[in-house]
Amino acid sequence: MLIVMITKWIGQGLLTVIPIFVTFSAIKIVLLFLMKIVAPLNKILPIALQGIPFVEFIVAIVIFMVIGILVTHLPIGNLIKYIERLVFNKIPVIKTLYFSIKKITSVILKKPEDETDQRVAWVRLPFKQTYCIGLMTSK
């Protein structure tokens, strides 16, 4: 009986800690990657801007905004879709990773257009009386 309870507690602890750890790790990896990409801009920036904390992060946000404008209003979006079909659909591991990340990102960032996009469900976990909240992305 004690082993069952200890196993349950360990399982619940893992279900609590792993998503938090993965989320913070992913955010840290993305931020460090962005900082490395835009770090050379620090040499070009005026001296007044170089003292601002996280100026690289601000520059990265501006770069994302410019890319969003270009993809939205120019035929660059079509070029990206063509590259997706040409390259990412052909390589199995990259296909799985790229399109999974793209799907997750679109679900997180898109604005719901109707009520069906906003369904929330209780998901029963294998532990007794343990549930979590899930988001329904399709009917």
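## Exercises on a predicted model

Of the 139 residues in the protein, 9% are buried (under 20% relative accessible area with a 1.4 Å probe, protein chains only; exposed is over 50%, partly exposed in between). This is a predicted model, where local features need pLDDT of at least 70 and side-chain atom pairs count only at pLDDT 80 or more, while totals for chains, interfaces and linings use all residues. Residues are numbered from 1 along each chain as its sequence is written, and side-chain values use heavy atoms, leaving out hydrogens and water.

**Exercise 1.** Work out which sides of helix α4 are buried and exposed.

*Solution.*
- Step 1: Helices here are DSSP runs of H or I with at least four residues, and strands are runs of E with at least two, numbered from the N terminus.
- Step 2: In α4, the buried residues are V55, E56, V59 and A60.
- Step 3: These lie on the same side of α4, because their arc around the axis is only 135° (taken from the directions from the helix axis to the C-beta atoms).
- Step 4: Residues three or four places apart point the same way, because an α-helix has 3.6 residues a turn.
- Step 5: M65, T72 and H73 are exposed on the other side of α4.
- Step 6: The cover over the buried residues of α4 includes α1 (2-38), α2 (41-44) and α3 (47-50).

**Exercise 2.** Describe the surroundings of T130.

*Solution.*
- Step 1: Find T130 in the loop between β1 (120-124) and β2 (131-135).
- Step 2: T130 has a relative accessible area of 10%, so it is buried.
- Step 3: Beyond its neighbours within four places in sequence, T130 is in contact (heavy atoms within 4.5 Å) with Q12, V123, R124 and L125.
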